[in-house]
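Hi there,

Here is the structure I promised to pass on to you. Have a look at it first, and then read on for what turned up in it.

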Amino acid sequence: MSKIIKNSLVALCLCLLPIDVWAKTQVKEVFAIYDKPKYEQSFANFDYVNPNAPKGGKITLPAYGTFDSFNPFIFKGIAFPEAAELSLESLGFVSPDDPMSVYPLIAEKFEVPEDKSFIGFFINPKAQFANGEKITADDVIFSFNALIEKGAPLYKIYYADVDKAEKVADNHVRFYFKKGTQNRELPLILSQFKIFSKKDFEDKDFATPSLIPPVGSGPYKVDGFEVNKYVNLKRNPDYWGKDIPTRKGFYNFDSIRYEFYQDTTVTLQALFSGNIDARDEYIAKIWVSGYDNKLVKDGKIIKEEIQHHNPATLQFFGFNTRLEKFSDRRVREAIALAFNFDWANEKLFYNQYSRIYSLFSNTDLAASGLPQGKEKHILQKYQDDLPDEIFTSPFSLPDNSSPQKLRQNLKKAVKLLNEAGYDFVDGKMVNLETKEPLEIEILSNSANGATFTRVMLPFIENLRKIGIKLNFRNLEVNVFKNRLDNFDFEMAILSFRLSNLPGNEQKELWGSASADVKGSFNVLGIKNPAVDGVIEQIIKANDQETYLSAVKALDRIIMNEHYFIPNWYSPHDRIAYNNKLAHPETEVKVGADIHTWWVKEK
């Protein structure tokens, strides 16, 4: 059959399709959940990159802990996630300055039906794996099924509203949603999972940790490694996506080397000695006083604060609410009252930090004041499951800025404990029913344990004053992870990077369905019908106003339940780097994205 005849027959078949099929389905180059996307379909690059950044050179960065796998999407093993991030691509890309839209990556176009019953992806014909094989619908479907069948437990929850994946053609795949699903974010989150080669896993088990890097489709390939020491990544000169708008200005280094360390403080000397080229600074004292040397004064090492408008990393002391002693909200609040952030910020942090006050600190998503309008209406549906304070008192964290205020808060803590059935017996705070004293063990990991020791000492002393014994333990990273995965802890120092578009992942973080799934992110064991209901409201919101109201309602519930003791954050990324590096000069506040940086031309 000639090509002309074949094309004519295809055109005739298409013309015979019912008109309403076309009327009810749109093909878009950019998909937005609510309003119009920030960037037009013909955009050349994102505003926060330098599209003309020179390519070349190498950069060495620090990594922490250890690894025994290159697959971070499974339950077993300790993965090195940066390798997957740089060597594997997803169907679409969500820009930090437009979190409600998805832009083309492996998928060059998105198929959106009017009834929102599925999302379709048309694969870019140029998209290929590093071995030269084209990416097809079979690879997409394999990757999705591998995640929900053999991946970490969170993926079954995350993609629970997907009914099936269907191959329409080699370059066209659809994900159909379960009947009645109103999850407006689902098309966007389906664009985000990494695509593996189906052929690459014909003789491999996806669920088994492996140090054989998977065949990727991203800008870099693993080019050598030694466990506990280093991982080298080399830029793929044949990377298929280097000229598409969503990749212009990114991935400018020819090679990236990660050197492994067990402690963040050690990497400061590694920077000064030239063993690494850049490091994020997490310790305020070091940021203020640790860079006072000739290298910094002469400009060979640059110390910079780069502003961001991303949600602050949610760092906290988390309670395992599965335990009886932490099942009472009053007990959790009482313990929180003894933490003196004000003292720590002044004496230890040089007033460099602000207190985390929300799940979404540093954004417009944070709840404030008393609930009003739609937010109040959403909360009233669950009023029987919520503390009265949500409707009567704006949420606030304890002010311990003076000895007098600290004493008042400790008195309030004792009162709360009395209400919860505790009282002093021989100087110890004892459960009057079980006769057990209230003792707590809080866990940290070796990468940041030294930092937190200074913070914990006054916390331990304040709790001692109200009859509570607190033990602080610092564990190796892999032991710490194993304890958390199996919920084998009382309290732990945790941190999550939350999305600036909260949605399905909130089920995994706070939802009842994930509370008993080992390895889930609901480490705190939260089971709260109000939380579950409001998360559903977030997912099903039909307009942006309802969505934002539901997000703030969730924030208000979680914070008022005192599931954790909030730590602190900075609205800046603090980074020190070798002056051979340069980064985009932009007013878009996306923080320090090292993958938009480059080596200066000599």
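Let me start with the second largest cavity, whose lining divides by class into seven nonpolar, one polar and two charged residues. Before you go further, please keep in mind that this is a predicted model. The cavity has a volume of about 50 Å³, and the structure holds two cavities of 30 Å³ or more.

Now to the pockets. The largest pocket has a volume of about 530 Å³. Its lining comprises 23 residues, and those nearest the centre are Pro-96, Pro-99, His-309, Asp-364 and Asn-500. Which element gives the most to this lining? That is helix α19, residues 544-560, with three residues. Sorted by class, the lining of the largest pocket has nine nonpolar, seven polar and seven charged residues.

The second largest pocket comes in at about 420 Å³. It is lined by 23 residues, and closest to its centre you will find Glu-333, Phe-395, Ser-396, Lys-412 and His-562. Two or more residues each come from α10 (329-337), α14 (403-419), α19 and β22 (564-566). Helix α10 contributes the most to this lining, with five residues. The class count for the second largest pocket is 12 nonpolar, five polar and six charged residues.

A few single residues are worth a look too, beginning with a pair of sequence neighbours. Ser-361 sits in the loop between β16 and α12, and Asn-362 is in the loop between β16 (354-355) and α12 (373-380) as well. Are these residues buried or exposed? Ser-361 counts as buried because its relative accessibility is 0%. Asn-362 has a relative accessibility of 18%, so it counts as buried too, given that the cut-off for buried is under 20%.

The side chain of Ser-361 reaches the backbone nitrogen of Tyr-357 at 3.1 Å. Setting aside residues up to four places away in sequence, Ser-361 touches Asn-310, Pro-311, Ala-312, Ile-356 and Tyr-569. For Asn-362, a polar atom of the side chain lies 3.1 Å from the backbone oxygen of His-308. Beyond its neighbours within four places in sequence, Asn-362 is in contact with His-308, His-309, Asn-310, Ala-312, Tyr-357, Tyr-569 and Pro-571. One of these, His-309, has already come up among the residues nearest the centre of the largest pocket.

Next along is Glu-375, which belongs to helix α12. Glu-375 is buried because its relative accessible area is 7%. Where does its side chain make a polar contact? The partner is the side chain of Arg-556, at 2.6 Å. Leaving out neighbours within four places in sequence, the contacts of Glu-375 are Ala-367, Ser-549, Lys-552, Ala-553 and Arg-556. Glu-375 and Trp-597 are 222 residues apart in sequence, and their C-alpha atoms are 41 Å apart in space.

Asn-409 is in helix α14, an element that also gives two or more residues to the lining of the second largest pocket. With a relative accessible area of 13%, Asn-409 is buried. Its side chain makes a polar contact with the side chain of Asn-400 at 2.7 Å. Not counting residues up to four places away in sequence, Asn-409 touches Leu-337, Pro-398, Asp-399 and Asn-400.

Last, a helix to look at as a whole: α4, residues 137-150. This helix has 14 residues and spans 19 Å from its first C-alpha to its last, close to the 20 Å expected at 1.5 Å a residue. The buried residues in α4 are Ala-137, Asp-139, Val-140, Ile-141, Phe-142, Ser-143, Phe-144, Ala-146 and Leu-147. What do they pack against? The buried residues of α4 pack against strands β7 (118-123), β8 (162-169) and β9 (172-177), and against helices α5 (154-158) and α6 (186-190).

Enjoy exploring it, and do write back with any thoughts.

Best wishes

Key. Residues numbered from 1 in each chain as written. Predicted model: local features only at pLDDT ≥ 70, side-chain atom pairs only at ≥ 80, totals over all residues. Heavy atoms only, no water. Helix = DSSP H or I, 4+ residues; strand = E, 2+ residues; numbered from the N terminus. Buried < 20%, exposed > 50% of the residue type's maximum accessible area, 1.4 Å probe, protein only. Contact = heavy atoms within 4.5 Å. Polar contact = N/O pair within 3.5 Å; in protein donor to acceptor, adjacent residues only side chain to side chain. 1 Å grid on protein atoms, 1.4 Å probe; cavity = no way out; pocket = protein on both sides within 12 Å on 5 of 7 lines; lining within 4 Å. Points joined across faces, edges and corners; volume = space filled by probe spheres on them. Nonpolar A, V, L, I, M, F, W, Y, C, P; charged D, E, K, R; others polar. Expected span 1.5 Å × (residues − 1).
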